[in-house]
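Keep the sequence and the model open while reading.

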Amino acid sequence: MNRRLFQSCCMAMLAISALGLMPTACTKTQHATQTASTKPSKPLPQPQKPTKTYKNLRLIGDTTCAGWRVILASADGPTKVKGEKYYDKLFLITLYKDGRLLFDKKEISTEKLHGKPRPELQLTPGYIELITRTTVYIDVATFYPETDDGWLFSLLFDKNGRLSVRPFIIEMSEADNVASFYRAWLNECRQKPIDKASLQMVANRYCTPSFAKQLLREAPLSLLPAKVVGKYRFDVDVMAELTHNSEDYLEQRGTVYFCTKDYEQQIDSLAYELRNEQDENGYTSFGGITGLKKFHP
């Protein structure tokens with residue numbers, strides 16, 4: 001499914017996620033993409049010696065959080081991008097859980113994401129969107145060079161290293177944070193049993209502190225429309241749009257849409273409200289979801 005995507009926005013999203021991700025739970029080492037506030041209780045496991053040689057191998061980040069260690073890197077792939085002089089990239093992920101190596105330099109490529117060769121596309125190495133006790137959420141993109149056409153994918157790794165790949169639609173606004181919140185919340189609700197600490201990490205990442213506390217006092221499925229509750233264990237995709245800005249852009253409202261796989265059919269929707277923050281230079285950034293409201297039939 002084709003998505004509108006600016007390459008520069010992808011890089012901006014990477015930088016924003018790196019700065020804003022879970023500042024109270026994660027530790028960075030080397031070129032880590034998250035801020036450090038806690039130290040690991042035991043020495044970090046060391047990556048195994050490379051079993052394969054990569055050209056132009058570059059470390060992107062090395063992050064420790066909630067029992068996970070995630071090492072991200074990129075390297076040149078085996079094929080050139082069609083019509084260009086450079087090679088498509090490989091996105092390499094090394095993953096540990098509770099000190100156990102799940103895999104070393106797992107290769108994510110344009111071909112693997114699309115299920116077939118796409119030499120006209122190039123891959124942008126991804127970034128960590130969220131880490132909970134149960135799941136590592138990583139976003140990655142492929143796009144046509146020198147254009148704003150592309151695809152975005154969310155990679156979800158469980159504690160056994162199993163990967164689920166989901167395409168998603170973005171609006172390039174704060175609404176995307178609301179969609180990411182529900183995408184993660186749905187995934188955590190599918191865990192058996194539901195890990196309350198992971199739900200708290202999701203709420204803390206995307207909601208204001210007061211609203212996060214309110215959500216955690218309620219049953220997890222109460223955040224979903226009734227029609228979605230009956231389907232949440234199956235494939236449900238999420239997208240969101242922004243419909244209203246206050247004059248100062250600090251208060252925003254919009255709609256979250258729950259759809260069947262690949263956004264083929266809408267299941268239900270609900271309204272959201274969020275708050276932005278403004279720095280001393282007048283720039284605004286996502287401050288958190290402040291409210292969710294189900295539509296009346």
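In which sense do strand β11 and β12 pair, and over how many bridges? The pairing is antiparallel, and 8 bridges make it up. β11 covers residues 237-245. Note that the model is predicted.

**The sheet**

β11 and β12 belong to an open sheet of 4 strands. The order is β11-β12-β13-β14, with antiparallel pairing. β11 and β14 are the edge strands, each pairing on one side only. Neighbouring strands are turned by 30° against each other on average, direction ignored.

The pairs, with one bridge partner from each, are listed here.

| Strand pair | Bridges | Residues facing each other |
|---|---|---|
| β11 and β12 | 8 bridges | Ala240 and Val256 |
| β12 and β13 | 9 bridges | Arg253 and Glu273 |
| β13 and β14 | 9 bridges | Tyr272 and Leu292 |

β13 spans residues 266-278. β14 spans 284-294.

**The turns**

Two hairpins deserve a look. β11 and β12 form a hairpin with 5 residues between them. In that turn, Tyr249 has a positive phi of about 65°. The hairpin of β12 and β13 has 6 residues between the strands. There, Asp262 takes a positive phi near 60°.

**Burial of β12**

How many of the 9 residues of strand β12 are buried? The count is 7, so β12 is largely enclosed by the rest of the structure. This strand runs over residues 251-259. Cys259 is buried, at 5% relative accessibility. Why does Cys259 count as buried? Because its 5% relative accessibility falls under the 20% cut-off.

**The helix across the sheet**

What lies across β11, β12, β13 and β14? Helix α3, residues 175-189, does. Helix α3 runs at about 150° to β11.

**Cysteines**

Cys207 also has a relative accessible area of 5%. Cys207 is therefore buried, since the limit is 20%. How many disulfides does the structure hold? The number is 0. A disulfide is a covalent bond between the sulfur atoms of two cysteines.

**In brief**

The sheet is open, with 4 strands in antiparallel pairing. β12 has 7 of 9 residues buried.

Technical notes: Residues are numbered from 1 along each chain as its sequence is written. This is a predicted model: local features need pLDDT of at least 70, side-chain atom pairs count only at pLDDT 80 or more; totals for chains, interfaces and linings use all residues. Side-chain values use heavy atoms; hydrogens and water are left out. A disulfide is a pair of cysteine sulfur atoms within 2.5 Å. Buried means under 20% relative accessible area, exposed over 50%, partly exposed in between (1.4 Å probe, protein chains only). Two strands pair if DSSP finds at least two bridges between them. Axes are lines fitted to C-alpha atoms, for helices over the stretch in contact, and angles run from 0 to 180 degrees between N-to-C directions. Contact means heavy atoms within 4.5 Å.
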